[in-house]
Every structure is written in structure tokens, then in C-alpha cells.
Amino acid sequence: MIDFTLKEITEITGGEYFGPAEMLNKKTAGITIDSRNVQPGNLFVPIVGERFDGHSFIASAAEKGAVASLSQNDGEWNCPIVKVSSTEAAFRALAGAYRRRFDIPVIGVTGSVGKTTTKELIASVLGERFDTLKNQGNLNNQTGVPLTLFRLEEKHGAAVVEMGTNHFGEIKSLADIVRPTIGVITNIGESHIEYLGSRDGILREKADVFSNIGENGRAIVNGDDDKLCTLRGKINNLITYGFGMDNHIRALDVVDMGLEGSEFTAVYGDKSLRLKVPAPGRHMIMNAMCAMAVGLTLDMDEDEIVRGVGGYVPAAGRMDIIKGKSITVLSDAYNASPTSMKGSVDIACRAEGRSVLILGDMLELGENASMYHYQVGYHAAEAGADLLLSVGELSREINRGAKDGGVETMHFAALDELISKLPEIIQPGDTVLVKASHCMGLEKASEYLKNNF
């Protein structure tokens, strides 16, 4: 229960209180940043966003029963106010204070690719023993993470918190409030390289997930990643996983079951464990080993780990396998980077039937964006794609790379134009991959394919 008094809120945020003195010991009954969801007794936190300034809704929040509001602006308000320099920073500070009430394992998950999938797998494993909190959807940013922490309750025995970034300092600010007891990095790719400069810059930013794990904490990383492997000897209590023989947990005897997933043997020390991952791709084997490492760190039984990995359910939009009337759709349109795009292409090209790739722009790749898109297209040719349909300005380079590799291609300037042509293109038995950065809206193509084929 988020029951800070207004005096505590003022102290935690370093703010200045404006309101009746007798209200200082009044306790809040929850915190919200959305005025539409205000319940009587809530503290309202107005966030300044790209489209809306929450300060415009302080009055309506008070009318709905908010006991007080934060504010970074001067003004006359109809409820007690705690004036702060930044409502967003104050929101994080309150979340950090609330998190410190809970003495439970908290796993902080970051990385360039696979954060959400790994978070879901870890939560699936931990759920075999603990009542486990996890981020809803993709709430992994400077406001999403605090919202996640505020959902902690006494019933929870563990929490898995995905942490995203696209600018320097953001992982550190999140780690300061999450205070993970176990930190996880999935890989170091090219995502957000536009703002973080290089993969070395991305490594420095992501490694801040370990800044608060303490002497008894654990750091778990992909030991096959050429950047993350450099952390060996630099990070205390480091556990690595991967296919390489120098990892603490490594995968052997892999059986690829296509779109049904994989089976493999995970070897650790003088022990081994046979795991089945019910989702396709080599990356899913890596994610399963990461979840296993977390489970072993928390002294979970092998049977619990096997059940947790086997019970994994993909998050919405993350390689959803949709069986249509005559085709199979691989809907992976929530996000995209060069690494994740190539991995999804590999899965589609190994599936049964003609492989049709519907690929759109990948964003935040900086000055080398054209090169990365071209490389994805050429990789599609090497993987054996039968047909590539690209949409978006940057994806002209995907189209060019695929065509140079010998693949039949078509390019569309707009998504609606592509969708209108699908009845002429799609054939019974096709496996169709749909993937791009989320803002491209390609889930609309997935929905059309599901409903019409």
C-alpha cells in the first residue's frame, strides 16, 4: 500500500510543501500519473510529456479526490502541492523509497535485444516458486519502471524489472530506484546507437544495471557477446551463459523443432538439465539459459526451472505465431534492431512453405542506418528468403540488399499500399514474417493477414 504522508513525500522528493499544515500527516492512498484514473486519496504526479503537460490536469485530479499533487510549476491550485524541480525525478524518488520497503529478490533486466522476452522467461521460471511481479507490456522507461515498482505488494516474493534506455545516464537513474539484487544484460547490439554513439558506449550504459547490486548481488550476462565477455574479471559475482565452452552455463545437444521451439541440454558445473523452450530461435535458447541462471542463483529446484522454461508464453507482439486458414504469420512488429531483425528472418526462412518477409524501417540507428538496413536485406538473401516486401523510406536499403543477394523484392512507400496488394501476393502455405520498429505500425499488416488468410 502506497501510504506516504505528505510530510514524507516532501522529504523524499526534496520539495517544498504548500497547503494546510494539518494536512502534512495525511496519508496518500496510491499514486497516479493519469488524471483519468484518480481515486480518492491518491497523490497526483503531473508528468510533462511530448504531447501533454500533466499540470493542466491538477485541478481535475483534485476534483476527483486527489489528496495532493506534485508540481514543478508555480501557480494557484485547488489542493495541497509539493513543489519540486522535476516531477519525473520526484516520481522516481518516491518509487525508490517505496521499493526499499521490500526485502525480496529483484532482477533488473536490460540489453539491446531480447529484454522483454528474457524478462518474461525469468518471470515464468520464478513464478514456479514466488508470486512474481513483472513490468506490464513494455513499461521499461523513466516513468514505466516507477509504475512497476508501485505495484509491489506484500504478497510478492520476487520482482523482474525490465530497464530500457536510449540516452546516457538512464540505466543508472533506474538502477538507483530498482536496486536490483541480480542484474542481467542480454547483449550489446546497435539499438539506440544514434544517441549512445557506439557499441562500447552502449556497453557502458547497460553495465550501470550492476551499480547497486551490492557485494551479495549477482551479475548475469551473455558470455558469447563480444562486448559483454570483456566484463570477466571486472564485475564481482559474474555468471555467464551461452554456447561457448568458457561459460558457466552452456548449451549442448540442441534439437531444433522449427516453430515449435527447441530442446537442449544446459550444462553447469558437473550437472546438466534438459530444457524445452516453446518458442523458436537460437536466441530463445540463450534467454532460457539466462532464466535458468537466475533460478539457480535463487536456489530453485531443477524441476521448477524446467517447468518455468517450458511454460513460457510470449508477450504480445513478440514473435506471435498465428496460424491462419492457409498461412502462418510470424508477427514480431513491436520493435526491431539489426540483430533482432536478422534473428527473426532466420526463423522465418527455416519454417515450412514459402518464406515471405514483410520488413519495415528500424529507427535510432544513427548515421549508419542505411548500412544496417542493407545488411538486413542481404542477410535475408543468405538465409534463403523467397520474397521480400519492404515498406518505409529506410527500408529501401533492405530491399536493395535483398535484391543484390538474388531475392525477389517489392517496395512500398506506405503500409496501406502494401496491404492492398497482399491478396495478389500471398499464397496458401506461406510463412509470413512481419517485423519493423513499432512506430511503423506493421501490426496492422499482421491483423490483416490473420483475418484474411
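Which residues does Leu359 touch, not counting residues up to four places away in sequence? They are Met341, Val345, Val376, Leu388, Leu389, Ser390, Val391, Ser395, Ile398, Leu433, Lys435 and Leu442, contact meaning heavy atoms within 4.5 Å. The model is predicted, with local features needing pLDDT of at least 70 and side-chain atom pairs counting only at pLDDT 80 or more, while totals for chains, interfaces and linings use all residues. Residues are numbered from 1 along each chain as its sequence is written, and side-chain values use heavy atoms, leaving out hydrogens and water.

Leu357 and Leu359 touch the most other members of the largest nonpolar core, which has 75 residues. Such a core is a set of buried Ala, Val, Leu, Ile, Met, Phe, Trp, Tyr and Cys residues joined through side-chain atoms within 4.5 Å; buried means under 20% relative accessible area (1.4 Å probe, protein chains only). Helix α3 (residues 87-99) gives this core its largest share, 6 residues. Another core, of 39 residues, lies apart from it and includes Val125, Ile182, Ala266 and Ile285.

Turning to the strands, an open sheet of 9 strands with mixed pairing has the order β7-β8-β6-β9-β10-β11-β12-β13-β14. Its edge strands, β7 (132-134) and β14 (271-277), each pair on one side only. Helices (H or I, at least four residues) and strands (E, at least two) are DSSP runs, numbered from the N terminus, and two strands pair if DSSP finds at least two bridges between them. Strands β10 (residues 218-222) and β11 (residues 238-242) run parallel and are joined by 4 bridges; Ala219 has Leu238 in β11 as its bridge partner.

Helix α4 (residues 115-126) lies across β6 (106-110), β7, β8 (158-162) and β9 (182-185), running at about 175 degrees to β8. Axes are lines fitted to C-alpha atoms, for helices over the stretch in contact, and angles run from 0 to 180 degrees between N-to-C directions.

Notes
Buried means under 20% relative accessible area, exposed over 50%, partly exposed in between (1.4 Å probe, protein chains only).
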